[in-house]
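Here are my notes for someone opening this one for the first time. Have the model on screen as you read, and take the points in order.

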Amino acid sequence: MSGVDPERRGLLRGRQAALPFPPWAATDFTERCNRCNACIRACESGVLVRGDGGFPRIDFTRAGCHFCAACVDVCEREAFDVPFTNAPWTLRPRLADGCLAARGVVCRACEDVCEAAAIRFQPQLGGRAILQIDTDACTGCGACVAACPVDVLMMEEAA
Ligand code: SF4
Ligand code: SF4
Ligand code: SF4
């Protein structure tokens with residue numbers, strides 16, 4: 001499978017609305033966060049980046065979130081909802097047109113990285129397969145987004 005075209009990813013990012021805040025971000029996150037970026041340095045997955053306005057943002061094209069809470073632990077401004085009474089966020093992956101498996105190309109990159117086993121494929125005639133996401137099993141980690149070589153998975157607020 002070919003690698004991901006960085007230029008294409010850049011264009012994709014440019015088309016996106018503002019990237020999400022880190023998991024468990026408080027509702028008044030932008031008022032509490034002083035943009036010190038300590039959370040970005042603490043994030044070992046690489047999913048956190050300095051985004052719009054200098055605030056930390058989640059960029060799923062780079063990696064998934066491990067929900068390790070290192071970003072929360074390092075924050076001195078209490079910009080997160082703790083204790084964790086709420087879900088880290090309500091983001092879930094959505095599949096756009098262009099999945100390789102739907103065209104008969106053998107690709108299971110998203111399934112391979114999904115630790116929640118939330119991705120399955122329904123075989124079709126002609127070697128094609130239709131991707132199905134179990135939204136109950138899905139944790140919203142976004143690992144599948146980063147793994148997809150053709151960028152047809154994206155994270156959106158669950159309906
Ligand atoms: S929970 Fe962990 S992996 Fe996710 S953004 Fe925070 S530090 Fe990064
Ligand atoms: S976002 Fe959901 S479907 Fe994607 S890898 Fe994570 S748990 Fe699996
Ligand atoms: S990684 Fe992307 S192209 Fe491959 S099966 Fe998953 S959604 Fe389809």
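1. Let's begin with a single side chain: does Phe21 count as buried, partly exposed or exposed, and why? This is a predicted model, and in it Phe21 has a relative accessibility of 25%, so Phe21 counts as partly exposed. The cut-offs behind that are under 20% for buried and over 50% for exposed.

2. Now step back to the whole chain. The protein has six helices and six strands, running in the order α-α-α-β-β-α-β-α-β-β-α-β. Of its 159 residues, 40% count as buried. Its accessible surface is about 9200 Å², and carbon and sulfur atoms make up 50% of that.

3. Phe21 is in the loop between α1 (6–15) and α2 (29–32), while Phe55 is in the loop between β1 (48–50) and β2 (56–58), so 34 residues separate the two. Phe55 has a relative accessibility of 10% and therefore counts as buried.

4. Another pair to look up is Phe60 with Trp89: the centres are 5.5 Å apart and the planes meet at 75°, so this pair is edge-to-face too. Phe60 sits in the loop between β2 and α4 (70–74), and Trp89 in the loop between α4 and β3 (91–95), so the pair ties together parts 29 residues apart in sequence. Both residues are buried. They also belong to one aromatic cluster, along with Trp24, Phe67 and Phe84.

5. Arg35 has its charged end over the ring of Phe55, 4.7 Å from the ring centre. Arg108 lies over the face of Phe121, with 4.1 Å to the ring centre.

6. Finally, the ligands. Around ligand 3 there are 13 residues, and those that come nearest are Cys99, Leu100, Cys107, Cys110 and Cys148. That shell is made up of 13 nonpolar residues, with no polar and no charged ones. Around ligand 2 you will find, among others, Pro93, Ile119 and Thr139, as well as Cys114, Cys138, Cys141 and Cys144. Here the shell has eight nonpolar and three polar residues, and again no charged ones.

Definitions and conventions
Residues numbered from 1 in each chain as written. Chains lettered and ligands numbered in written order. Predicted model: local features only at pLDDT ≥ 70, side-chain atom pairs only at ≥ 80, totals over all residues. Heavy atoms only, no water. Near = heavy atom within 4 Å. Nonpolar A, V, L, I, M, F, W, Y, C, P; charged D, E, K, R; others polar. Helix = DSSP H or I, 4+ residues; strand = E, 2+ residues; numbered from the N terminus. Buried < 20%, exposed > 50% of the residue type's maximum accessible area, 1.4 Å probe, protein only. Phe/Tyr/Trp six-rings, centres within 6.5 Å; stacked < 30°, edge-to-face > 60°. Lys NZ or Arg CZ within 6 Å of the ring centre and 35° of its normal. Areas by Shrake-Rupley, 256 points an atom, 1.4 Å probe, with all protein chains shown as cover.
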